[in-house]
Amino acid sequence: MLSRTLTVATCLGLAFAQTGPAPVATNNQQGEWYIADLTASHGPGNVTGSIGIAGDIEGKGVRVSYTFEGFDLNDSKEYSYHIHEKPVPEDGNCNSTGKHFDKYAVGDDFVCDKTKPENCQLGDLSGKHGSINFSDPTANLSDYAYHDDYLSTTVGDTAFFGDLSIVVHRKSDKLRLACGNFRLFYDADSSATVGPVPAETRILGNGTMNSAPFPNATTSTNTVISTASASGQTSAPGTSTEVATIPAGSTSTAGAGATASKSSPMSVQTGSGAEQGAQIRIWALALELCAVAVFASYLG
């Protein structure tokens, strides 16, 4: 009887677990922007920097921009970075941020294919968009901006990341080198910035959206936005562009009603009919397999 109960419980868990591929986020507010500064550093080097993720044009997906530096290139030439499932605790222990943000149960053993990012973990940003690689032995700065279809800036959405953390790893052994918590930076509802600007202002880019600084708002292609790229200080070639001139550490006061955390009605991330149909087929198959397992347990 116990084995039958466990079989039924396991089957129900499998049947109703969220599975991939991830649907495209289509309900993001343009310009709704979350930022994480790397506030804790461990291991070789002194990795610092910031990452910003904002609702992109027409609400589809997000625009990601980051600047990370301070790597010990005598230790490693390749690094990865991921959104993790828990925020950084007050003691700054990056090992307490849990696993990768993985709402569709892809698993850590899955090798992300950049050509099929919908099948990757939601938080595997370097898997979907490229690791941090250094070929120049004197470089220790990496700046990028790109688009991601699958993250959500809508509170309550399956793919919402705004109350989670970012962690930078040494790729060879996944040693956690630095981490920080996301916070709301620009509130699209009130058209106001919230709290301090990021510690690394290079991520602000040279675009604007809703009268707020926004990285490369007019393009949907991956672009290096470093001001240092022209002098060979980044890990990849690119063009030099201006960045916002807001001084680091300054504070911008939010407008009326804007807070560091937002509340909004629970919403469900939407995807194409094909994506939703694939998920329904997966659930149906899981239920069918579970029915066979339950029947077999009775025969046994």
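1. **What you are looking at.** This is a predicted model, in which local features need pLDDT of at least 70, side-chain atom pairs count only at pLDDT 80 or more, and totals for chains, interfaces and linings use all residues. Residues are numbered from 1 along each chain as its sequence is written, and side-chain values use heavy atoms, with hydrogens and water left out.

2. **The whole chain.** The secondary structure comes to three helices and 14 strands; helices (H or I, at least four residues) and strands (E, at least two) are DSSP runs, numbered from the N terminus. Of the 300 residues in the chain, 49% are buried. Here buried means under 20% relative accessible area, exposed over 50%, and partly exposed in between, with a 1.4 Å probe and protein chains only. Among contacts (heavy atoms within 4.5 Å) between residues at least 6 apart in sequence, 68% join residues at least 24 apart.

3. **Valine 24.** To answer the opening question, valine 24 sits in the loop between helix H1 (2-16) and E1. Valine 24 counts as buried because its relative accessible area is 14%.

4. **Leucine 38.** Another loop residue is leucine 38, found between E1 and strand E2 (40-41). With a relative accessible area of 11%, leucine 38 is buried. Leucine 38 and isoleucine 166 are 128 residues apart in sequence, yet their C-alpha atoms are 7.8 Å apart. Leaving aside neighbours within four places in sequence, the contacts of leucine 38 include Val47, Phe68, Ile166, Val168 and Ala178.

5. **The largest nonpolar core.** A nonpolar core is a set of buried Ala, Val, Leu, Ile, Met, Phe, Trp, Tyr and Cys residues joined through side-chain atoms within 4.5 Å. The largest one has 39 residues, of which Ile51, Ile53, Tyr81 and Ile83 touch the most other members. Strands E1 (33-37), E3 (48-55), E4 (62-69), E5 (78-84), E7 (141-148), E8 (165-170) and E9 (175-187) are the elements that give two or more residues to this core. Apart from it lies another core, of eight residues, among them Trp33, Ala54, Phe185 and Val197.

6. **Isoleucine 53 and isoleucine 35.** Not counting residues up to four places away in sequence, isoleucine 53 touches residues including Trp33, Tyr34, Val62, Ile83, Leu125, Phe161 and Phe182. Isoleucine 35 belongs to strand E1 and is buried, at 0% relative accessibility. Beyond its neighbours within four places in sequence, isoleucine 35 is in contact with Ile51, Phe182, Phe185 and Ile203, among others. The C-alpha atoms of isoleucine 35 and valine 64, 29 residues apart along the chain, are separated by 9.8 Å.

7. **Lysine 128.** Is this lysine buried or exposed? Lysine 128 counts as buried because its relative accessibility is 4%, and its place is in helix H2 (residues 125-129). A polar contact (a pair of N or O atoms within 3.5 Å; within protein, one must be able to donate a hydrogen and the other to accept it, and residues adjacent in sequence count only if both atoms are side-chain atoms) of 2.9 Å joins its side chain to that of aspartate 148. A polar atom of the lysine 128 side chain also lies 2.9 Å from the backbone oxygen of leucine 122.

8. **The largest pocket.** About 380 Å³ of space lies in the largest pocket. Of the 21 residues that line the largest pocket, His82, Phe110, Asp124, Gly127 and Lys171 are the closest to its centre. E5 and H2 are the elements that give two or more residues to the lining. As for terms, a 1 Å grid is laid over the protein atoms alone, and a pocket is an open set of points where a 1.4 Å probe fits, with protein on both sides within 12 Å along at least five of seven lines; lining residues have an atom within 4 Å of a point. Grid points are joined across faces, edges and corners, and the volume is the space filled by probe spheres set on the points. The lining divides into five nonpolar, ten polar and six charged residues, where Ala, Val, Leu, Ile, Met, Phe, Trp, Tyr, Cys and Pro count as nonpolar, Asp, Glu, Lys and Arg as charged, and the others, Gly among them, as polar.

9. **Two positive phi values.** Most residues other than glycine have a negative phi. Lysine 174 has a positive phi near 65°, and its place is in the loop between E8 and E9. Lysine 174 counts as exposed because its relative accessibility is 55%. Serine 191, in the loop between E9 and strand E10 (192-193), has a positive phi of about 50°.
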